[in-house]
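Here is a brief report on a protein chain. Please keep the sequence and the structure in view while reading.

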Amino acid sequence: MAAHYLDFERPIADLESKIEELSKLSETAGPGAFDLEIQALRDRAQELRKEAYANLDAWQKTMVARHPQRPHLRDYVAGLIDEFVELRGDRKFADDQAIVGGLGRFRGQPVVVMGHEKGHDTTTRLKHNFGMARPEGYRKAVRLMDMAERFSLPVITFVDTAGAYPGLGAEERGQAEAIARSTERCLTLGVPMVATIVGEGGSGGAIALAGANRVLILEHSIYSVISPEGAASILWRDGARAKDAATNMRITAQDLIKLGIVDRIVDEPAGGAHSNSEVAIQAVGDAVEEELKAMAHMSAEQLRKQRSDRFYAIGRAGLQ
């Protein structure tokens, strides 16, 4: 897949274009003809990447969180889950591929894993409805959580959605009720649950899979009650002011941990998770493993109380 550059990455794109040109010239000029020049450009590009990603504002982080080459659920499953068996359907209406889940082994431990899948090209994005789940997706999530509790399996979720699907059919089939039931089931689970915001955590569509004992977030991910564009349209009747909304909504990982909405930030490689998916996926896996080990000896009642205390505390303490 061709590299996708965000607006603030244009200087990096220009350098990498020059690197590609020199690499092609070196093929005709002979081995090693431009090695020093190419290495110098690569070093400079890496410096620019580190500088750019060390100073991102909230809107730029929103763009990174939505990056089309950022790793998605299928990538995390492939990198972290062995013997994955997908389970489909809500046993009521249909199977919603915006939420994918099933059974597998996470570093040797049997788990239930699920999350939003956005897709990586036109075909898969349509198949997964861009990660925007319908009621049957959340009812499938409830079914999987019921099974996890029945067989005492930890639950791992990966959140990456702009929000629940707002279509007429979804509303007719009880979208709000399905989201509420999924959120309720997260909060009442008697097994450990770890959720990770790996991209865009939007509205109730995100919280329905994120009512966990521990909520992690990638360094450049966002988590919000509404999209910046939606907030700008409501507050100022001007979607073009999305950047202002993003800044004021405090949706970045760094803001959210101060507010107590998330529990841990997982560092991304220089240049974002999309620049080195393997490193990002393993970093998430290491963090999830640590959190699950910390909860391994907690009883069902202790897990429920910890989760309840965690969410009741949100909003009760101001910024330090």
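Helices and strands here are DSSP runs, numbered from the N terminus: a helix is H or I with at least four residues, a strand is E with at least two. In those terms, histidine 116 has its place in strand β3. The model is a predicted one.

Strand β2 covers residues 99-106. Six of its eight residues are buried, so the strand is mostly covered, buried meaning under 20% relative accessible area. On one side, β2 pairs with strand β1, residues 81-86. That pairing is antiparallel and has four bridges. Within it, glutamate 86 stands opposite glycine 102 of β2.

Strand β2 also pairs with strand β3, residues 109-116. Here eight bridges join the two strands, again in the antiparallel sense. Phenylalanine 106 has glutamine 109 of β3 as its bridge partner. The hairpin of β2 and β3 has two residues between the strands. In this hairpin, arginine 107 takes a positive phi near 50°.

Valine 100 is found in β2. Its relative accessibility is 2%, and the cut-off for buried is under 20%, so valine 100 counts as buried. Leaving aside neighbours within four places in sequence, its contacts include Phe84 and Glu86, and also Val113, Met114 and Gly115. Leu73, Arg74, Glu117, His128 and Lys140 are in contact with valine 100 as well.

Histidine 116 sits in β3. At 1% relative accessibility, histidine 116 counts as buried. A polar atom of its side chain lies 2.9 Å from the backbone oxygen of glycine 205. Beyond neighbours within four places in sequence, histidine 116 is in contact with a list of residues that includes Leu73, Ala98, Ile99, Gly131 and Tyr138. The run Phe158, Val159, Asp160 and Thr161 is also on that list, as are Gly205, Ala206 and Leu209.

## Threonine 183 in helix α8

Where does threonine 183 lie? Its place is in helix α8, residues 175-188. Threonine 183 has a relative accessible area of 16%, which is under the 20% cut-off, so this residue is buried.

A polar atom of the threonine 183 side chain lies 2.8 Å from the backbone oxygen of isoleucine 179. Not counting residues up to four places away in sequence, threonine 183 touches Ile207 and Ala208.

## Helices α10 and α11

Helix α10 spans residues 228-236, and helix α11 spans residues 242-249. They pack at an angle of about 100°, with their axes 8 Å apart. Angles of 65 to 115 degrees count as roughly perpendicular, and α10 and α11 are therefore roughly perpendicular to each other. From α10, the contact uses Pro228, Glu229, Ala231, Ala232 and Trp236. From α11, it uses Ala242, Asp244, Ala245, Ala246, Asn248 and Met249. The residues of this contact divide into eight nonpolar, one polar and two charged.

Within α10, the residues Pro228, Gly230, Ala231 and Ala232 are buried. Their cover includes α3 (58-65) and α11.

## Positive phi in two loops

Most residues other than glycine have a negative phi. Arginine 237 has a positive phi near 55°. This arginine is found in the loop between α10 and α11, just after α10. At 78% relative accessibility, against a cut-off of over 50%, arginine 237 counts as exposed.

Serine 152 also has a positive phi, near 55°. Serine 152 is found in the loop between α6 (135-150) and β4 (155-161). Its relative accessibility is 57%, and serine 152 counts as exposed.

## Strand β6 and its partners

Strand β6, residues 214-218, is mostly covered, with four of its five residues buried. Strand β5, residues 193-202, is joined to β6 by four bridges, and the two run parallel. Threonine 196 has leucine 216 in β6 as its bridge partner.

Strand β8, residues 264-266, is joined to β6 by three bridges, and this pair also runs parallel. Leucine 216 has arginine 264 in β8 as its bridge partner.

Notes:
Residues numbered from 1 in each chain as written. Predicted model: local features only at pLDDT ≥ 70, side-chain atom pairs only at ≥ 80, totals over all residues. Heavy atoms only, no water. Buried < 20%, exposed > 50% of the residue type's maximum accessible area, 1.4 Å probe, protein only. Pairing = 2+ DSSP bridges. Polar contact = N/O pair within 3.5 Å; in protein donor to acceptor, adjacent residues only side chain to side chain. Contact = heavy atoms within 4.5 Å. Axes fitted to C-alpha atoms, helices over the stretch in contact; angles between N-to-C directions. Parallel < 35°, antiparallel > 145°, perpendicular 65-115°, else oblique. Nonpolar A, V, L, I, M, F, W, Y, C, P; charged D, E, K, R; others polar.
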